[in-house]
Amino acid sequence: MNEASPQAAAETVHLRLYVAGQTEKSVAALANLRKLCEAHLAGKYTIEVIDLTQNPQLAEGDQILALPTLVRRLPPPLKKIIGDLSNTERVLVGLDIRPRETP
Amino acid sequence: MDQRSSPVTKPPSPQLQKVPTGIDGFDEITLGGLPQGRSALLCGAAGCGKTVFGVTFLVEGATRFDDPGVFVSFEETAPDLTTNVASLGYDLQDLIDRHKLIIDHVQVERSEIEEAGEYDLEGLFVRLGYAIDRIGAKRVVLDTLESLFAGLSDAAILRAELRRLFAWLKSKGVTAIITAERGEGQLTRHGLEEYVSDCVILLDNQVYDQIVTRRLRVVKYRGSSHGTNEYPFLIDAGGITVLPITSVGLAHEVLDELVPTGIAGIDGMLSAGGYYRGSSILVSGAAGTGKTIFGAQFANSVCARGERCLYFAFEESPHQIVRNMRSVSLDLRKHVDAGLLAFKAARPSLHGFEMHLAGMYRDVEQFKPAAVVVDPISAFRGPAGEIHAALLRIVDMLKARCITAVFTSLSPAIQHQMTDADRSVSSLMDVWISLFDVEANGERHRGLHVIKSRGMSNSNQSREYLLTDEGMHLRDPQFKLPVSSRSEV
């Protein structure tokens, strides 16, 4: 399921998407994530999809509670975004691609 | 391991099956414990003992009933939790190593989490399901589930997911405790009682006179009768003890067997020749009238017959009592060494009266004495009504076990004046012996009389007694007490 881009440079964004089976939300989340990464991080990202129905023991390590959860491990700090990632703005802010708007 | 395959939601008999918590007193109140295969809601403010209750449920389950358990902690990490309950004598690490317990710390940090679209709590289900299946857990504690409301902002999703969680727990056949914070005007802050309503337990801390009493109440128990009162409970080195208000009531067994008073002359003042076994005796008197000697002589006579006696000391340390009683030729040490006599000493102000009684209840359960001395009950402070209610419990508890009990009580120096404590407890007592002083001709005389003795006639005489190197003994009846030179009130 890994999709490593060819030139994984220092600033490569390592993303891990936790899902539980092929639910509507998990399919949507992966599709939204791919679209968004291609648009904003082309060539500078990896996506690892972890299906917790196959590997339930992996849920504890990243403190997964809600699903789907997108975890950005690198670059630090650790970021978590939950949901089907349909709200592109929030995802971009969450991944520090777009600055947080001052309220 | 495969509780998934058994249709646990349908018990074999129509009667609700129960799972014992192993908490002293609680299983008695609920007539067996928590409802099997269902979730119980445990609510209370911070510091009420919710976590300890949950941990005890799992530890007792694992050690006494061979039920493995899963503790999902939303607040404390596994090492913190292990350290915190070590003071209660629980070795969680050992249970974890033996695959009897899993602690899963679920961390919800709002600042770390961005919400972008639809989500559910399947991750929690996966983790919990994985933990349950790994050790074949029968018991689950979720402490405190409401932390989710602080960590995630979409309350609508949370509510739908919690509803799903409770249904899922039921389908897994586990008996669960869900803890929740007490809310304003409702049982829990986020209204969890709407979802978990088979069994609701409320914990409470009440402060009176700077002394805290923990209380427990079963608010609701579907499909079962239960005690409806507020019960004081205690958390200490022995875990949790709930003091039930006498499920036995006045239906206790009555014995005709006699127990000597330990003071020869007093046996003779009671027509039966002693106390009935299982009766409660009040010994009241002013300072220096020898109440403790009275109690110690009784304890000595019990032990001399080879029976066990438990001595609750609220004013003196056990060593001090043993030393002081040597001066009246009472060797209590040998009874202690023989395991027949045990002292439990505590300052009355250590905790509320009811908490002491909860502790006494547990001590009695453990030591299984034939007789008990409580020295003195007047050391306790509190409204007379509360002392009365609490004493009623201990008296009934002792009576139900056919334990003979001597209670001493300090009364004011003025003869025949009752303290609130005396007045409130005297109606509970089967025998009341009053010790008093008479001052005449520049001398102090000690006298006693039997105010009442249920089920037997008693001497009407006021008898003079002496405290000598040989202990307390009555003078012959021909020695009449002198008439006091003081003007009595």
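Here is a chat about a predicted model with chains A and B.

Q: Hi! What ipTM and pTM does the predictor give the complex?
A: This is a predicted model, and the complex gets an ipTM of 0.86 and a pTM of 0.73.

Q: And what's the mean pLDDT of chain B?
A: The mean for chain B is 84, with 88% of its residues at 70 or more.

Q: Where in chain B does pLDDT stay under 50?
A: Over residues 1-12 of chain B. The model has 16 contacts beyond four places in sequence for that stretch. Where pLDDT is low, the predicted coordinates should not be read in detail.

Q: Good to know. Switching to chain A, how many helices and strands are there?
A: Chain A has two helices and five strands. Starting at the N terminus, the order is β-β-α-β-β-β-α.

Q: What share of chain A is buried?
A: Of its 103 residues, 33% are buried. As for contacts in chain A between residues at least 6 apart in sequence, 69% of them link residues at least 24 apart.

Q: Let's look at H1(A). How does the distance between its end C-alpha atoms fit its 18 residues?
A: It agrees with expectation: H1(A), residues 24-41, should span 26 Å at 1.5 Å a residue, and its end C-alpha atoms lie 25 Å apart.

Q: Which strand of chain A is joined to S6(B), and in what sense?
A: That would be S5(A), residues 79-82, which runs parallel to S6(B) with three bridges between them. Within this pairing, Lys80(A) sits opposite Ile113(B).

Q: Over to chain B itself. Why is S8(B) described as largely enclosed?
A: Seven of the seven residues in S8(B), residues 175-181, are buried, so the rest of the structure largely encloses this strand. Both of its faces are covered. Thr175(B), Ile177(B), Thr179(B) and Glu181(B) are buried on one side, and Ala176(B), Ile178(B) and Ala180(B) on the other.

Q: Which strands pair with S8(B)?
A: S3(B), residues 39-44, pairs with S8(B) in the parallel sense through six bridges. Ser39(B) is opposite Ala176(B) there. S7(B), residues 139-143, is also parallel to S8(B), with four bridges, and Arg139(B) has Thr175(B) as its bridge partner.

Q: Last one: which residues touch the most other members of the largest nonpolar core?
A: Leu41(B), Ile178(B), Ile281(B), Cys309(B) and Val372(B), in a core of 163 residues. Leaving aside residues up to four places away in sequence, Leu41(B) touches Ile178(B), Ala180(B), Leu192(B), Glu193(B), Val196(B), Cys199(B) and Val200(B).

Key
Residues numbered from 1 in each chain as written. Chains lettered and ligands numbered in written order. Predicted model: local features only at pLDDT ≥ 70, side-chain atom pairs only at ≥ 80, totals over all residues. pLDDT = per-residue confidence, 0-100. Contact = placed C-beta atoms within 7 Å. Core = buried A, V, L, I, M, F, W, Y, C linked by C-beta atoms within 7 Å. Buried ≥ 20, exposed ≤ 12 C-beta atoms within 10 Å, placed from the backbone. Pairing = 2+ DSSP bridges. Expected span 1.5 Å × (residues − 1).
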